[in-house]
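Here's a quick briefing to read alongside the model. Have the sequence and the 3D view open as you go.

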Amino acid sequence: MENLDFLTLPVTHPTGEYDVTIGYDLLSQIGRISGTDDNVALITDTNVGPLYAKQAAQQWENCVVITLPAGEAYKTLDSVRTAYEQMFAAGCDRQTTVVALGGGVINDLSGFVASTFMRGVRFVTCPTTLLSIVDASVGGKTGVDMPEGKNLVGAFKQPEAVIADLSLLKSLIKEEFACGMAEAIKHGLLSNKEVLPTLTQTNWGEGLRNGFSAEDKVAFMQLVHDVVTVKRDVVQRDPFEKGERALLNLGHTFGHAIEQVTNYEVRHGEGVAMGLVCAANVSYKLGFSTIDLQPEIEQMLKNVNLPVRLPRVDPENVFSAMQQDKKKKGKKLRYILLEDFEGAFIADDVPDDAILETIRDLQNW
Ligand SMILES: NC(=O)c1ccc[n+]([C@@H]2O[C@H](COP(=O)([O-])OP(=O)(O)OC[C@H]3O[C@@H](n4cnc5c(N)ncnc54)[C@H](O)[C@@H]3O)[C@@H](O)[C@H]2O)c1
Ligand SMILES: [Zn+2]
């Protein structure tokens with residue numbers, strides 16, 4: 001296999017283009033790769049900052065490091081205000097580049113800061129979780145949560161560059177790595193089934209933590225590249241979520257509801273994993289899928305330490321949590337279902353009974 005240090009993936013969007021750079025040991029090269037000069041606000045969180053912010057900040061003469069509390073609970077307008085205040089105190093101006101160094105929370109929040117600080121400054125994102133590499137960092141959606149719900153305030157803000165340093169994933173806890181795998185498997189199911197065996201038959205997380213063979217190192221980089229390509233292709237065709245982009249929600253209607261009824265004890269990626277099993281189950285039961293994908297999908301998810309059964313919850317509660325979307329749109333809930341291994345489609349008119357039965361059948365009794 002060819003020995004490459006990094007791969008680049010170009011992304012075009014309505015107002016320009018940027019590259020996603022995927023590789024190892026890129027932390028000290030963010031400025032060079034993204035062409036960012038010495039006026040930077042580096043936004044990170046309390047887990048990632050102590051590990052990596054110093055090394056990253058050293059490459060710029062003038063860099064203020066803003067360390068926000070970690071976790072979804074802090075993806076708020078209060079954190080945005082804290083970032084603005086620290087930027088003003090450090091003398092940031094219209095020439096400042098906001099660099100995000102963290103998972104999806106920091107990516108979304110920093111992108112929103114960059115889109116609004118002095119009516120918009122440059123934005124570079126360095127995703128540090130597998131989930132944010134394969135999902136959050138590409139597509140331009142940024143924002144924060146509100147007491148009324150997740151991601152309710154935000155903006156489309158395209159980055160100047162996405163720099164994914166896979167070496168940083170070595171410090172990610174196993175559960176978070178697995179959550180990224182759930183989204184990666186989802187992308188494979190959507191439009192690149194060829195990646196699925198390689199993705200799920202090697203313990204990539206352990207390789208990252210304990211050291212890869214040279215061959216595996218390149219193979220993982222290629223794999224991440226191929227998975228990000230699925231997301232890139234979808235958002236390029238549908239940048240403002242008018243149609244096809246909804247397919248990226250495969251497994252999410254079930255997943256979000258399960259997260260919610262368990263008070264977020266189930267992580268997002270774990271909910272997505274359960275949701276993928278539910279989607280496969282419904283798809284076969286209703287004949288949309290001619291083959292029963294559920295056993296194969298379950299095996300893949302189990303291989304990467306993801307749950308394949310729902311916790312003990314009242315099926316009616318999950319079902320009513322799922323209906324929240326429907327209420328907002330004032331019409332019947334639409335489901336993303338699977339058509340064999342040929343991809344996903346949007347199904348209207350799925351009988352409520354079928355959904356309830358699936359939730360009941362897939363409970364972990
Ligand atoms: N913008 C989009 O299109 C999009 C898409 C998918 C998800 N998201 C958003 O992404 C968020 C979830 O992202 P996430 O799963 O990355 O969550 P996260 O940012 O909360 O990161 C998960 C945890 O890992 C820690 N962490 C991050 N990188 C680390 C590293 N290298 N080493 C050790 N610890 C590390 C974080 O501090 C945090 O505790 C959600 O808010 C979701 O809405 C956005
Ligand atoms: Zn997701």
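What follows covers a helix pair and a metal site.

This is a predicted model, where local features need pLDDT of at least 70, side-chain atom pairs count only at pLDDT 80 or more, and totals for chains, interfaces and linings use all residues. Residues are numbered from 1 along each chain as its sequence is written, chains are lettered from A and ligands numbered from 1 in the order written, and side-chain values use heavy atoms, leaving out hydrogens and water.

**Helix pair**

- The axes of H6 (residues 174-191) and H9 (residues 214-237) come within 9 Å, crossing at roughly 60°.
- On the H6 side, Phe 177, Ala 184, His 187 and Ser 191 make the contact, meeting Phe 220, Val 227, Val 230 and Lys 231 of H9 (contact means heavy atoms within 4.5 Å).

**Zinc site**

- Glu 183 (OE), His 252 (NE2) and His 268 (NE2) coordinate the zinc ion (ligand 2) at 2.0 to 2.2 Å (donors are N, O and S atoms within 2.8 Å of the metal, or 3.2 Å for Na, K and Ca; water is not among the atoms, so sites may look incomplete).
- Along the sequence, the donor residues follow the spacing E-x68-H-x15-H.
- His 252 sits in H10 (residues 252-261) and His 268 in H11 (residues 268-285), 16 residues apart.
- His 252 is buried at 7% relative accessible area, while His 268 is partly exposed at 21% (buried is under 20%, exposed over 50%, partly exposed in between, with a 1.4 Å probe and protein chains only).

Notes: Axes are lines fitted to C-alpha atoms, for helices over the stretch in contact, and angles run from 0 to 180 degrees between N-to-C directions. Helices (H or I, at least four residues) and strands (E, at least two) are DSSP runs, numbered from the N terminus.
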